[in-house]
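Subject: Handover of a structure and its aromatic contacts

Dear colleague,

Please find below the structure that I am handing over to you.

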Amino acid sequence: MGNRGMEDLIPLVNRMQDAFSAIGQNSNLDLPQIAVVGGQSAGKSSVLENFVGKDFLPRGSGIVTRRPLVLQLMNCPTEYAEFLHCKGKKFVDFDEVRQEIEAETDRITGANKGISAVPINLRVYSPNVLNLTLVDLPGMTKVPVGDQPADIEAQIREMLMQFVTKENCLMLAVSPANSDLANSDALKIAKEVDPQGMRTIGVITKLDLMDEGTDAKDILENKLLPLRRGYIGVVNRSQKDIDGRKDINAAMAAERKFFLSHPSYRHLADRMGTPYLQKILNQQLTNHIRDTLPNLRTKLQSQLLSIEKEVEEYKNFRPDDPSRKTKALLQMVQQFSVDFEKCIEGSGDQIDTAELSGGARINRIFHERFPFELVKMEFDEKELRKEISYAIKNIHGIRTGLFTPDLAFEAIVKKQIQKLKEPTLKCIDMVVSELTSTIRKGSQKLAQYPSLREEMERIVTQHIRDRENRTKNQVMLLIDIELSYMNTNHEDFIGFANAQQRINQMNKKKAAGNQVIRKGWLTINNISIMKGGAKEYWFVLTAESLSWYKDDEEKEKKYMLQVDNLKLRDVEKGFMSSKQIFALFNTEQRNVYKDYRQLELACETQEDLDAWKASFLRAGVYPERVMSDGGDENGSDNIMHSMDPQLERQVETIRNLVDSYMAIVNKTVRDLMPKTIMHLMINNTKEFINADLLAQLYSCGDQNTLMEESQEQAQHRDEMLRMYHALREALSIIGDISTSTVTTNMPPPVDDSWLQVQRSGSGGRSPATSPTPNRRAPPGRPGSRGPPPGAPPAGGPPVPSRPGASPDPYSGPPPTVPSRPNRAPPNVPSRRPPPSPTH
């Protein structure tokens with residue numbers, strides 16, 4: 001091999017494989033290995049058993065290998081086996097190994113033919129093996145059996161691809177000799193993932209089961225469907241031999257005798273058989289590892305750098321050190337405090353680009369959700385006029401009033417102010433919910449100390465609940481203060497003198513120009529299927545109109561709707577719909593859009609819905625108030641129509657006064673609510689976490705119990721340290737290996753054009769149409785396609801020894817393969833095979 005370092009390469013990769021498998025990262029690092037691929041019952045498991053010299057793999061009909069088996073063969077004076085999932089347990093009886101493989105397979109996949117990509121790691125120590133690492137993969141199958149899913153073929157293929165697509169994985173392509181090589185599942189996979197043939201080693205099994213008069217000489221001589229690394233033939237035990245418990249050593253002696261005695265194979269006998277295959281695989285895997293060392297070293301160094309910072313904390317870890325727990329507690333509380341403040345106040349690092357969080361969500365509650373709740377409560381024209389009318393009449397009693405009563409204004413205003421309590425309390429509840437969610441999210445970093453995390457969440461959440469009650473009391477106090485005195489001398493209050501002049505003006509929106517308020521995608525939901533069904537458009541909302549366009553380039557306008565006399569109502573979601581829906585309708589009972597009484601608009605999330613509602617409020621489109629029933633609405637209309645002109649003027653005056661005063665109150669509440677919540681709840685919670693949380697934690701009990709690590713964290717630390725040391729050791733051993741190591745050279749290029757058929761342009765053919773027959777007809781056999789046996793072949797790529805076959809993949813379908821490579825078929829006159837191999 002050249003030096004001792006090269007012989008240590010395979011055990012090194014095995015140790016790395018174990019380290020990465022233990023932490024679930026075996027598939028993430030591209031370690032050099034050999035994957036055994038082939039169709040179901042191609043003889044893959046028998047080849048592996050021959051290597052070991054023991055019966056240890058599950059057997060039976062149908063799909064037997066249902067999880068990848070990472071088989072690590074280690075040359076050692078004693079003979080035993082170990083599983084990675086049974087650390088420390090040595091299996092001397094190989095029947096127990098088989099039972100353990102079956103039990104571990106069933107544990108993950110179930111007992112009825114299911115499959116799983118989670119590998120089983122088995123290491124076999126024996127004086128009869130060479131150092132080798134192979135991955136036995138499930139055989140490719142077509143038809144589901146038992147409780148296998150209908151897409152079992154796709155699942156197995158996906159699992160194989162996880163291994164064979166990696167550049168550092170050699171493929172042991174196992175194909176049975178008693179079926180057409182062109183239909184070999186293993187070679188189809190090889191052709192797809194290794195078109196240059198650099199990583200594929202062919203193995204031909206069941207040579208003793210071929211029809212009489214046929215052989216696989218052309219394949220084994222690498223003339224038919226040649227591979228750069230060539231083919232090696234083996235003879236496994238038959239099912240009868242296995243059932244009869246025929247000794248593997250006797251079977252290998254029989255294999256040797258078969259090759260020496262067979263007239264077609266005796267000249268190849270020294271390059272055939274299981275011992276030779278094992279030796280070649282050991283050589284080629286070692287050489288392959290040497291070739292991939294530079295890339296592997298780079299990848300290992302990258303892995304090492306990525307975990308070095310985390311491992312640095314673990315290297316000096318001493319579980320029994322009391323100062324460690326105190327220091328860790330201080331660090332955790334400080335980190336939690338910093339993370340909470342950053343989440344609330346916002347920061348430039350660790351920005352969440354997927355959704356709003358923390359302070360941003362609370363800001364949306366303050367400035368979108370809360371104002372919307374206020375306006376939704378505030379605007380109900382008919383109900384308000386009806387209440388004013390009743391108030392005026394009840395104050396006048398039996399008399400007919402000549403003047404507008406002050407008491408009516410005060411009574412209505414107080415009732416409106418009382419209604420503010422519900423949205424303000426709802427606002428506080430929403431903020432508490434967001435704060436609690438932020439606390440829970442921030443405490444995720446404490447997962448390694450579950451007791452500390454639970455206690456910290458409990459203490460902070462309890463503090464927030466206490467502050468919630470204090471904040472609600474303060475907000476209720478603000479509302480009570482507003483109720484206690486009607487300040488009609490406020491500078492923004494219009495007063496009785498100006499109220500009459502404001503008639504018919506209060507519902508008109510302020511002249512804001514045609515400024516754009518919001519743009520975004522919405523779906524028009526209520527277009528009938530006959531007219532195209534629901535469609536998504538780009539909507540633009542301004543202070544005066546709502547327009548929608550085909551797309552966000554705003555070139556093709558579909559419609560423009562004036563927002564005058566529009567109101568907004570919620571619409572229940574459909575049974576199968578996940579979208580949030582609202583509708584626009586005209587208060588004068590006119591069609592809103594074409595022949596539709598209302599325009600239903602849908603958006604993806606509740607957040608989008610709230611944002612659009614808030615935008616429509618800015619444009620003067622207010623939500624509808626649900627009437628108790630139709631009769632009440634008609635009664636209200638009758639009252640309004642039955643009012644005398646004087647009462648109507650009084651109602652209008654009071655209505656404008658109420659509107660003016662409530663605008664002042666709402667402005668005050670909208671301003672004071674965020675300030676009150678910030679002061680009494682959010683800022684107070686930040687100060688509590690910063691100043692008092694640590695003391696509360698110390699007072700709650702034993703710090704040792706509080707700072708007990710979770711089992712998962714201890715396991716993670718051990719795994720990270722193990723990985724770190726494995727990586728360091730691997731880099732150290734790689735560094736000691738001489739780059740001038742003498743190794744077996746890569747075999748010379750062969751004509752592998754059959755592997756690259758699909759990559760050759762429009763003339764490519766499928767693998768099944770390659771020159772594929774692997775049976776060699778006897779010289780005198782009738783029915784041979786092609787010229788007489790004596791006709792010499794012309795120059796061209798290597799041809800098989802069977803007279804009728806040609807390796808040229810472009811010479812037409814199999815039935816019309818020409819007998820001479822330099823004669824193209826009539827239908828493709830211009831295409832010729834190359835005069836010599838191009839690789």
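A residue is called buried here if its relative accessible area is under 20%. Please note that the model is a predicted one.

By that definition, F258 and Y265 are both buried. The search of the whole structure returned 13 aromatic pairs, and F258 with Y265 is one of them, a tilted pair with 6.0 Å from centre to centre and 45 degrees between the planes.

A second pair is formed by W548 and Y593. The centres of these two rings are 5.2 Å apart and their planes stand at 75 degrees; planes over 60 degrees apart count as edge-to-face, so W548 and Y593 form an edge-to-face pair. This pair joins distant parts of the chain, 45 residues apart. W548 belongs to strand β11 (residues 545-549), while Y593 lies in the loop between β14 (580-586) and β15 (598-603). W548 has a relative accessible area of 1% and is therefore buried; Y593, at 9%, is buried as well.

W548 and Y593 also take part in a cluster: ring pairs connect them with F539, Y559 and Y596.

Finally, two arginines are placed over aromatic rings. R518 is found over the face of W612, 5.0 Å from the ring centre. R569 has its charged end over the ring of F585, at 3.9 Å from the centre of that ring.

Yours sincerely

Methods: Residues numbered from 1 in each chain as written. Predicted model: local features only at pLDDT ≥ 70, side-chain atom pairs only at ≥ 80, totals over all residues. Heavy atoms only, no water. Phe/Tyr/Trp six-rings, centres within 6.5 Å; stacked < 30°, edge-to-face > 60°. Buried < 20%, exposed > 50% of the residue type's maximum accessible area, 1.4 Å probe, protein only. Helix = DSSP H or I, 4+ residues; strand = E, 2+ residues; numbered from the N terminus. Lys NZ or Arg CZ within 6 Å of the ring centre and 35° of its normal.
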